[in-house]
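Visitor: I have a new model open here. Can you walk me through some of it?
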Amino acid sequence: MCGIVGCILKENNDVAPILFYCILKLEYRGYDSIGLATYDNKIHVKKDQGNIETVNNRIHFKEMKGSCGIAHTRWASTGIPNYENAHPHLDDTNSIAVVHNGTLENYLDLKDELIKLGHTFKSTTDTEVIPHLIKIFMNEGLDLENAVKKCCQKLKGSYAIVAMSKDEPDKLIATRKDSPLIIAQNKDGYFVSSDIPAVLDYSRDIYRPKEGEFVIMTKESIEIHDENGEKIDPEYIYIDWSPKMAKKDGYDYFMIKEIHEQSLAVKNTLTQKTNIKKIIDEIGDIKRICFVACGTSYHASITGKYLIESQKGIPCDVIIASEYKYTAKTWDEDTLVIFISQSGETYDSRMALKEARKTSKTLAIVNVAGSAMTQEAEYFIQTQAGPEIGVAATKTYIAQLTAIYLFAGLLAENDELIEKLNKVPEYIEEIVKQEKLIEDISKRYDFADNAFYLGRGFSYPIALEGALKLKEISYIHAEGYAAGELKHGPLALINEKVPVIVIIPPGDDYDKTMVNLQEVKAREAIILSIGAKGDEKLRENSRIVVEINPEVTDIIAPLVYTVPLQLLSYYVTVEKGYNPDQPRNLAKVITV
Ligand code: F6R
């Protein structure tokens with residue numbers, strides 16, 4: 001995964017500080033290498049392996065001159081992170097520079113052909129074939145726009161690219177296929193980028209080029225051309241996110257800021273009630289629902305299944321997006337396929353969405369306005385979490401759940417459930433007030449190598465999400481289990497060194513979960529329970545209890561009980577000295 005940026009200033013010659021600022025805002029997309037290219041009589045490139053700030057302190061990007069340039073932040077997919085593999089990549093003659101986000105499936109064949117033609121390669125990336133191909137086509141007499149177009153015809157796989165040429169100074173050409181790209185402009189210049197946070201400080205009107213469209217940027221204009229070179233009129237959308245929302249705003253990390261923003265994310269998402277009701281009415285009769293998602297969004301989907309099946313009785317399946325093909329043949333016109341994705345760009349989910357559109361009704365629940373899935377699904381609901389920069393999903397997850405609860409409650413005409421949602425922001429705020437307590441608890445967990453999370457019914461997806469949050473940022477191995485499954489294998493791993501986090505809200509499953517808690521207690525596990533305030537039985541049987549408002553019963557627990565688990569993961573991670581915003585090997589948006 002990577003972030004790309006391109007910028008041309010109308011008058012000013014100092015594009016490098018702007019490019020640097022924009023690419024810094026995309027650091028969540030990748031942070032193992034960074035590079036910039038600017039045009040100032042020739043193409044200048046500075047790049048290296050390392051995170052953006054560290055590399056900048058060494059090679060001072062902001063000193064680069066020129067009014068036109070491109071930038072890249074890398075999360076290695078093809079080729080290890082090193083200097084040679086960092087973008088921008090150049091052709092043999094240093095006359096074309098390219099930044100790329102995506103994965104080319106046929107690059108080895110293209111590279112072989114180019115080597116036979118005498119081209120030499122410096123990197124082991126897939127991207128490097130692109131500047132070589134563009135150069136060949138420009139040598140044949142094509143201009144940059146048409147050379148990029150012809151090059152794209154040879155590429156298989158996914159890409160968003162921005163290209164510049166020394167032979168057409170102060171011009172950038174950008175295009176995309178299966179990878180995100182947006183454009184924006186203000187009185188000073190023109191921008192192209194992988195995502196909104198890069199440009200929020202410059203403009204809040206953005207356009208997302210469609211596949212097959214080409215962006216032509218010069219000092220005078222930014223134009224969108226279709227495949228035939230015809231100019232088209234882009235419809236810009238206004239992004240309701242303030243630049244402040246994409247900044248740390250005094251917090252140490254984005255993740256903790258985003259955890260604090262969750263009650264607001266719920267409040268704002270609840271405003272979608274009328275939209276959701278309209279969508280339900282338009283969708284009409286459905287006999288089956290199939291949720292498709294990855295990672296944290298998959299956990300939100302499991303809650304969706306439990307809610308809809310228990311409240312409305314419509315059978316639901318939950319499919320990991322990368323595994324969709326085994327189920328796709330069962331989708332028909334009576335199936336509603338619901339895609340859950342904070343980014344709206346996840347490759348596996350998008351491929352499943354393409355397939356679902358052939359047979360079924362499709363609904364996407366996404367956080368990013370104008371993202372690919374909002375354009376590709378028949379219906380979409382936009383969660384109102386605002387920009388999420390920390391790699392680990394927190395507020396977007398709680399916002400997804402809010403939208404799912406509204407959807408399920410409206411579908412089942414369960415006013416009582418919808419009414420309960422109004423108090424969720426208050427419950428979340430009560431937990432955030434216990435932050436110090438959870439920080440203290442986290443200190444007792446930083447020694448652990450393994451942890452288990454147990455929950456039944458609505459608490460099962462909470463356990464899965466709690467475990468994912470811990471493992472992805474603190475690198476402690478953690479597993480979430482349906483509490484009743486414990487005795488079918490994992491109990492063998494429980495001993496006095498293993499923390500077991502038991503999610504046990506008041507409700508129908510309480511007694512059975514308590515039995516499971518006793519099972520791990522008998523093996524002397526270190527039990528941390530998340531349960532209702534005043535639950536004396538729980539206190540007696542647990543080492544530590546995080547207490548939640550007793551009004552929060554099992555059915556709405558996912559919206560509330562997840563919060564202390566996010567805080568626990570955050571503080572364990574900080575205590576261990578890791579950066580929770582940038583877990584190793586992970587990036588925020590997975591477009592490959
Ligand atoms: C974990 C996390 C990931 C994402 C997954 C899907 O904290 O953020 O597991 O949930 O990569 O991403 P989206 O929701 O953008 O489709």
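Visitor: Let's start at the ligand. How far is a backbone N or O atom of Thr296 from an oxygen atom of the ligand?
Guide: That backbone atom of Thr296 lies 3.1 Å from the ligand oxygen. This is a polar contact, a pair of N or O atoms within 3.5 Å; within protein, one must be able to donate a hydrogen and the other to accept it, and residues adjacent in sequence count only if both atoms are side-chain atoms. Keep in mind that the model is predicted: local features need pLDDT of at least 70, side-chain atom pairs count only at pLDDT 80 or more, and totals for chains, interfaces and linings use all residues. Residues are numbered from 1 along each chain as its sequence is written, and side-chain values use heavy atoms, with hydrogens and water left out.

Visitor: Which residues around the ligand come nearest?
Guide: There are 13 residues around the ligand, and Ser297, Ser341, Ser343, Thr346 and Glu472 come nearest. Near means that a heavy atom of the residue lies within 4 Å of the molecule or strand.

Visitor: And how far is the side chain of Ser297 from an oxygen atom of the ligand?
Guide: An N or O atom in the Ser297 side chain is 2.6 Å from a ligand oxygen. Gln342 uses a backbone N or O atom, 2.7 Å from an oxygen atom of the ligand.

Visitor: Helices now. What describes a packed pair?
Guide: Two things: the angle between the axes and the distance between them. Axes are lines fitted to C-alpha atoms, for helices over the stretch in contact, and angles run from 0 to 180 degrees between N-to-C directions. Helices (H or I, at least four residues) and strands (E, at least two) are DSSP runs, numbered from the N terminus.

Visitor: At what angle do H7 and H13 pack?
Guide: About 30°, with the axes of H7 (residues 262-270) and H13 (residues 395-411) 9 Å apart. So H7 is roughly parallel to H13. The cut-offs: under 35 degrees is roughly parallel, over 145 roughly antiparallel, 65 to 115 roughly perpendicular, and the rest oblique.

Visitor: Which residues of H7 make the contact?
Guide: Gln262, Ala265, Val266, Thr269 and Leu270. On the H13 side, the contact includes Ile398 and Leu406. Contact means heavy atoms within 4.5 Å.

Visitor: What about H8 and H13, at what angle do they cross?
Guide: Roughly 50°, and the axes of H8 (residues 273-283) and H13 come within 10 Å. That makes H8 oblique to H13. Lys273, Ile276, Lys277 and Ile280 in H8 meet H13 residues, among them Phe407 and Leu410.

Visitor: How far apart are the axes of H16 and H20?
Guide: They are 8 Å apart, and H16 (residues 435-443) packs on H20 (residues 557-575) at about 50°. H16 is therefore oblique to H20. Among the contact residues are Ile438 of H16 and Tyr571 of H20.

Visitor: New topic. Is the His87 to Pro88 peptide bond cis or trans?
Guide: It is cis, with omega near 0°. Pro88 sits in the loop between strands E4 (68-74) and E5 (89-90). Most peptide bonds are trans, and most residues other than glycine have a negative phi.

Visitor: Is phi positive or negative at Asp249?
Guide: Positive, about 55°, although Asp249 is not a glycine. Asp249 lies in the loop between strand E15 (237-238) and helix H6 (254-260).
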